[in-house]
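Open the model in your viewer and keep the selection panel at hand. The tour goes stop by stop.

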Amino acid sequence: MVIATDKLTFNFGDQTVVKSLSLQVPEGSIYGFLGPNGAGKTTTIKLLMNLLKTQQGSIHIFDLELKSNRVKILSQIGSLIEQPAIYLHMSGRENLLNRALLLQVPESRVEEMLNLVHLTNAAHKKAGQYSLGMKQRLGIALALLSDPKLLILDEPTNGLDPNGIIEIRELLIKLVNIHQKTVFISSHLLGEIERMATHVGIINNGELLFQGSISELQTLSQPLIQVETDNTVDAANLLTRHNYEVTEVTDNYFFVPYTSKKQMGEMNALLNKNGYAVYSISKQQKDLEKLFLDITQTA
């Protein structure tokens with residue numbers, strides 16, 4: 001595990017913001033740290049970065065205890081927390097050159113990073129003239145300049161337009177698949193995390209409600225059969241009378257828990273036999289957003 005916390009707890013005064021948090025972030029993963037605003041995501045990240053002092057519990061990164069190996073650990077982490085720390089009056093290249101000088105990194109890394117985040121053509125422009133997405137990409141380039149093993153990002157797609165979100169997503173997938181990085185990314189954009197993460201932790205009110213792979217999360221919820229007919233309510237009532245469990249009825253569809261392909265065929269045949277036109281019948285896996293709501297509402 002690149003990151004492993006054990007019963008990590010943090011209080012602001014008498015308010016517990018992080019409650020007995022035990023994270024397990026595998027090497028080579030994109031770990032999506034999900035939760036609504038105020039759930040404790042940024043506080044957790046600040047604890048991982050040693051920007052806040054650990055009060056209870058422990059943090060191990062790269063199998064080393066954070067308190068006693070702070071410099072060694074942090075030298076291998078790149079981070080972007082809340083907003084990129086860039087000089088708006090300087091160009092993109094100048095921002096990177098300035099950071100390279102501070103980190104004693106070869107200047108050749110600057111051009112590599114500009115190319116990686118697709119800012120080579122805008123390298124001469126002042127960062128203040130960059131779009132929000134370009135600023136985020138420059139922030140990630142700054143975080144990657146020292147070639148860290150781990151990248152920690154706090155809401156990197158916050159406020160971005162759809163194109164900017166796609167750019168960041170593709171960049172992060174590339175970093176993991178081609179450059180062998182591990183990425184820990186917090187977000188409240190559940191659909192976006194579903195598109196790029198390999199592993200997920202869901203936090204609410206400081207507590208970890210779920211942790212595992214994306215596929216493990218999705219298997220927590222039984223798939224549904226979505227049926228569209230010419231008379232939704234009457235067709236749903238027919239199935240109910242034949243001992244099918246109808247879980248939801250809308251104006252256009254009704255839903256039945258999925259058990260097998262045979263079950264779908266039998267439902268379709270029953271509806272046709274009783275004079276209902278079936279426009280569509282399909283298996284639907286709950287998306288991450290619905291799963292998140294299920295988990296948080298039952299917690």
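Is Tyr-31 buried or exposed? Select Tyr-31: at 1% relative accessibility, it counts as buried. Buried means under 20% relative accessible area, exposed means over 50%, and partly exposed lies in between, with a 1.4 Å probe and protein chains only.

Before moving on, some ground rules. This is a predicted model, in which local features need pLDDT of at least 70 and side-chain atom pairs count only at pLDDT 80 or more, while totals for chains, interfaces and linings use all residues. Residues are numbered from 1 along each chain as its sequence is written, and side-chain values use heavy atoms, with hydrogens and water left out.

**Stop 1: the aromatic rings**

Rings of Phe, Tyr and Trp (its six-membered ring) pair if their centres lie within 6.5 Å; planes under 30 degrees apart count as stacked, over 60 as edge-to-face and the rest as tilted. By this rule there are 3 aromatic pairs. Tyr-31 and Phe-184 make a stacked one, 5.4 Å centre to centre with 10 degrees between the planes. Tyr-31 sits in strand 4 (residues 30-34) and Phe-184 in strand 9 (residues 182-187), 153 residues apart. Strands (E, at least two residues) and helices (H or I, at least four) are DSSP runs, numbered from the N terminus. Phe-184 is buried, at a relative accessible area of 0%.

Phe-33 lies in strand 4 and Phe-184 in strand 9, so the pair ties together parts 151 residues apart in sequence. Phe-33 is also buried, with a relative accessible area of 0%. Show the three side chains together: Tyr-31, Phe-33 and Phe-184 form one aromatic cluster.

**Stop 2: two helices**

Select helix 5 (residues 132-144) and helix 6 (residues 162-177). At what angle do they pack? The angle is about 20 degrees, with the axes 10 Å apart. Axes are lines fitted to C-alpha atoms, for helices over the stretch in contact, and angles run from 0 to 180 degrees between N-to-C directions. Helix 5 and helix 6 are therefore roughly parallel to each other. Angles under 35 degrees count as roughly parallel, over 145 as roughly antiparallel, 65 to 115 as roughly perpendicular and the rest as oblique.

Show side chains at the contact (heavy atoms within 4.5 Å). From helix 5 come Gln-136, Arg-137, Ile-140 and Leu-144; they meet Glu-167, Ile-168, Leu-171 and Leu-175 of helix 6. These contact residues divide into 5 nonpolar, 1 polar and 2 charged.

Stay in helix 5 and pick Gly-133. Gly-133 is buried, with 9% relative accessible area. Draw a distance to Asp-154, 21 residues apart along the chain: the C-alpha atoms are separated by 15 Å.

**Stop 3**

Go to Thr-43 in helix 1 (residues 41-48). Thr-43 counts as buried, at 11% relative accessibility. Which residues does Thr-43 contact, leaving aside neighbours within four places in sequence? Select Phe-10, Phe-12, Val-17, Val-18 and Leu-52.

Finish at Gln-15, in strand 2 (residues 15-21). Gln-15 counts as exposed, at 51% relative accessibility. Then pick Ala-235: Gln-15 and Ala-235 are 220 residues apart in sequence and 51 Å apart in space, C-alpha to C-alpha.

Conventions:
Ala, Val, Leu, Ile, Met, Phe, Trp, Tyr, Cys and Pro count as nonpolar, Asp, Glu, Lys and Arg as charged, and the others, Gly among them, as polar.
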